[in-house]
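Open the model in your viewer and keep the selection tool at hand.

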Amino acid sequence: MIRKLRAASAQWTLVVPVAAFVVLVLTWHEDLPGWVVGVVALFLIGAVLAAVHHAEVIAHWTGEPFGSLVLAVAVTVIEVALIVTLMADGGDKSATLARDTVFAAVMITCNGIMGLSIIVAALRYRTAVFNAEGTGTALACIATLATLSMVLPTFTTSTPGPQFSTTQLGYAATASLVVYGLFVTTQTLRHRDYFLPVTPEGGIRRDEDDDHVGPPTLRAAGVSLLLLAVALVSVVGLAKGVSPTIESAVDDAGLPHAVVGVVIAMMVLLPETIAALRSAVRNRVQTSLNLALGSALASIGLTIPAVAIASTWLSGPLVLGLAPSHMVLLTLTVVLGTLTVIPRRATLLQGALHLGVLAEFVVLAVNP
């Protein structure tokens, strides 16, 4: 019976990404009626779940922290493509889309995914344990890049409004790539042990400590890598397909256009959210934090250079500077994250505080 269930699960995860991609091809650049949007949304959810499965297969084959890095980078690369595509189609109306989506990603990952992961682990194991060196390093990089890319434009004077001049944007893009590259090098080569899951006693948790089957074969990992790419392309493509419906709903409800960026970030980050929570259930909170903070860092480190290049041929302005209320939330997120990381363990209280900051961000997005 167990073998039959595993076989059915394997078939499902093989079929759904391909089916979702076919739906994407059939609906690309089409005006979708309401019932078709509902069907597209179902395939979108299926593609997300399939992406999580294949990401976990790859993570099992490569080991940490490479597994979480693959998922974070893959999702972010396609997220960047979605942002640039929407900016090209939206004109002046999408001038703040990159800023809104990146900042929403930072809030969702650093408060939502991080807070939920801590709560899940704390409920199951009383405290969530992780490695302060690795988590603190990621948080420091996020604080640096977020400030350089999204806080400084509000205070520069070379260009009117919260925008960078060409020289300033070039430096921010270069700094984002350099810092992200250094972080990946630190995470995967020089100090990989800082990003490995830890035991309650503080030792490194090895894969053999968990009760699961052996690592997949090279062929199985290769198939999962291919299907992960197909699933993620489908997720972002289908999200773009339903984005006009989202924009219309936001406009009809009289909500700020920034809500669109929040919704897009939530959809794109759904695979990482599910994967992080599943790791937290297994008491591998460091893996959850690698996914959360790694996604936030990749979102800034890859999106800013991409939109900087795209701004050379996009006709509309590129607004990156945050509003004062968002700068307060960013500061609070960094301070709270630092205080959460320092003790190397967290309880329900810290997780609830992070979720409280995320809830405030959503309230301000809807009612600024």
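**Stop 1: helix α11**

This is a predicted model. Select residues 324–341, which form helix α11: its 18 residues reach 26 Å from the first C-alpha to the last, close to the 26 Å expected at 1.5 Å a residue.

Next, show the side chains of His 326, Met 327, Leu 329, Leu 330, Thr 333, Leu 336, Gly 337, Thr 340 and Val 341, the buried residues of α11. An α-helix has 3.6 residues a turn, so residues three or four places apart point the same way.

**Stop 2: the largest cavity**

How many cavities of 30 Å³ or more does the structure hold? There are three. The largest has about 60 Å³ of space.

To find the largest cavity, select its lining: Arg 99, Asp 100, Phe 103, Ala 258, Val 262, Leu 322, His 326, Phe 361 and Ala 365. His 326 is also one of the buried residues of α11. Which element gives the most to this lining? It is α4, with three residues. By class, the lining of the largest cavity has six nonpolar, one polar and two charged residues.

**Stop 3: the second largest cavity**

The volume here is about 50 Å³. Select the lining residues, among them Gly 134, Phe 183, Gln 187, Gln 286 and Asn 290. The elements that give two or more residues to this lining are α5, α6 (166–190) and α10 (285–310). Helix α10 gives the most, with five residues. This lining has five nonpolar, six polar and no charged residues.

How values were computed
Residues are numbered from 1 along each chain as its sequence is written. This is a predicted model: local features need pLDDT of at least 70, side-chain atom pairs count only at pLDDT 80 or more; totals for chains, interfaces and linings use all residues. Side-chain values use heavy atoms; hydrogens and water are left out. Helices (H or I, at least four residues) and strands (E, at least two) are DSSP runs, numbered from the N terminus. The expected span of a helix is 1.5 Å times one less than its number of residues. Buried means under 20% relative accessible area, exposed over 50%, partly exposed in between (1.4 Å probe, protein chains only). On a 1 Å grid over the protein atoms alone, a cavity is a set of points where a 1.4 Å probe fits but cannot get out, and a pocket is an open set with protein on both sides within 12 Å along at least five of seven lines; lining residues have an atom within 4 Å of a point. Grid points are joined across faces, edges and corners, and a volume is the space filled by probe spheres set on the points. Ala, Val, Leu, Ile, Met, Phe, Trp, Tyr, Cys and Pro count as nonpolar, Asp, Glu, Lys and Arg as charged, and the others, Gly among them, as polar.
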